[in-house]
Amino acid sequence: MVKQSLMPGQSITRRIQEREIVSLLAKPARAPQDYVSGRIPFLARLDRRCLARVKATTLGASYARGAVLFAEEHRPDGVYVILEGRAKLSVSSHNGKSLALGFFGPGTVLGLEGAILGWPYMATAEIVEPAKAAFMARGDLLRHLGRSEKATLEAAELVSETCYFLLSRIKANELSESAQEKLVRFLLEVPGHPGADAETRLKLDLSQEAVAQMIGTSRETVARLLSRLRKRGILDWRRSKIVIRDRAALEKLAGS
């Protein structure tokens, strides 16, 4: 992890004016809401103009791939706002099994629930591609929420939407009867673009390992299922590009 140094005696929150701190929690004019129903594994919160203001008012910190912003069961020290790159939220069991809750891009506010409650983080936030993030200490966050009714309402909306998103993930995973059904439902929820002959083209910037973590299975299982679907002519997979050739057959496998 490589952090950029701050000016002596000057904290991030001191250099972020009141209006800028509100922008860390503010809802943009055109926020993508697809994540609410679990269609995409990203929860983008801030628009480009807002992110530009945040970058202009704080140096933040740069993180290399594999860096951990916070770990589950650790005491919450504050919230992080992803400015560039992506982070993965995951939970794990005592026997080492891991489940990815989502992959989050620029504009995401991470760690808000634990920071407000003062309870240990329930998930681990790990950088999956070189990223930049702004940090707000828990004490500063609580003081700001105490001063601003608008910011308090926005924080409540953020927490509520995050809970809605996670419940949709639990529903998709726990109510599916097989690994194939989980994978098929996941693919059907990814936004796509119509192609030739009623095909649907998906842009999925996730590895097979990442997809496996999202649906709670192994990479080998995902690879085997994708190969089976390809042989049946239902879809084609080339790196991060997926072409659904027979959507009706895919929906039938999902039980929809």
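**Entry 1: ground rules**

I am working on a predicted model, where local features need pLDDT of at least 70, side-chain atom pairs count only at pLDDT 80 or more, and totals for chains, interfaces and linings use all residues. Residues are numbered from 1 along each chain as its sequence is written, and side-chain values use heavy atoms, with hydrogens and water left out.

**Entry 2: strand 6**

I started with V128, which lies in strand 6. I then asked which residues V128 is in contact with, leaving aside neighbours within four places in sequence. I take contact to mean heavy atoms within 4.5 Å. The list is R65, R86, A87, K88 and F103. I also checked V128 against A64: they are 64 residues apart along the chain, and their C-alpha atoms are separated by 8.2 Å.

A134 is in strand 6 too, which I have as residues 124-137. Is A134 buried or exposed? My scale is relative accessible area with a 1.4 Å probe, protein chains only: buried is under 20%, exposed is over 50%, and partly exposed is in between. At 1%, A134 is buried. I find I82 at 6.7 Å from A134, C-alpha to C-alpha, although 52 residues separate the two in sequence.

**Entry 3: the whole protein**

I count 10 helices and 10 strands. Of the 256 residues, 48% come out as buried. I looked at contacts with a separation of 6 or more, and 71% of them join residues 24 or more positions apart. The accessible surface (Shrake-Rupley method, 1.4 Å probe; for residues, only the protein chains shown count as cover) comes to about 13700 Å², and 53% of that belongs to carbon and sulfur atoms.

**Entry 4: nonpolar cores**

Nonpolar side chains tend to be buried together in soluble globular proteins. I define a nonpolar core as a set of buried Ala, Val, Leu, Ile, Met, Phe, Trp, Tyr and Cys residues joined through side-chain atoms within 4.5 Å. The largest has 27 residues, and F186, L187, L204, V211 and L250 have the most contacts inside it. Elements that each supply at least two residues of this core include helix 7 (179-189), helix 8 (208-215), helix 9 (219-231) and helix 10 (247-254). I also noted a second, separate core of 19 residues, with Y80, F104, A125 and A133 among them.

V211 got a closer look. Leaving aside neighbours within four places in sequence, I find V211 in contact with L183, F186, L204, L206, V222 and W237.

L204 sits in the loop between strand 8 (200-203) and helix 8. Its relative accessible area is 3%, so I file L204 as buried.

I note that the buried set includes Q180, E181 and K182.

Helix 8 is mostly covered as well, with six of its eight residues buried. Those six are A210, V211, A212, Q213, M214 and I215. What do they pack against? I get strand 3, strand 4, helix 6, helix 7, helix 9 and strand 9. After helix 8 comes G216, with a positive phi near 75°.

**Entry 5: two exposed residues**

E73 has a positive phi of about 75° although it is not a glycine. I place E73 in the loop between strand 2 (68-70) and strand 3, and its relative accessible area of 61% makes it exposed.

L153 is in helix 6. At 53% relative accessibility, L153 counts as exposed.

**Entry 6: the largest pocket**

On a 1 Å grid over the protein atoms alone, a pocket is an open set of points where a 1.4 Å probe fits, with protein on both sides within 12 Å along at least five of seven lines; lining residues have an atom within 4 Å of a point. I find 22 lining residues in the largest pocket, of which E113, M122, A123, T162 and L166 lie nearest its centre. Helix 6 gives the largest share of the lining, four residues.
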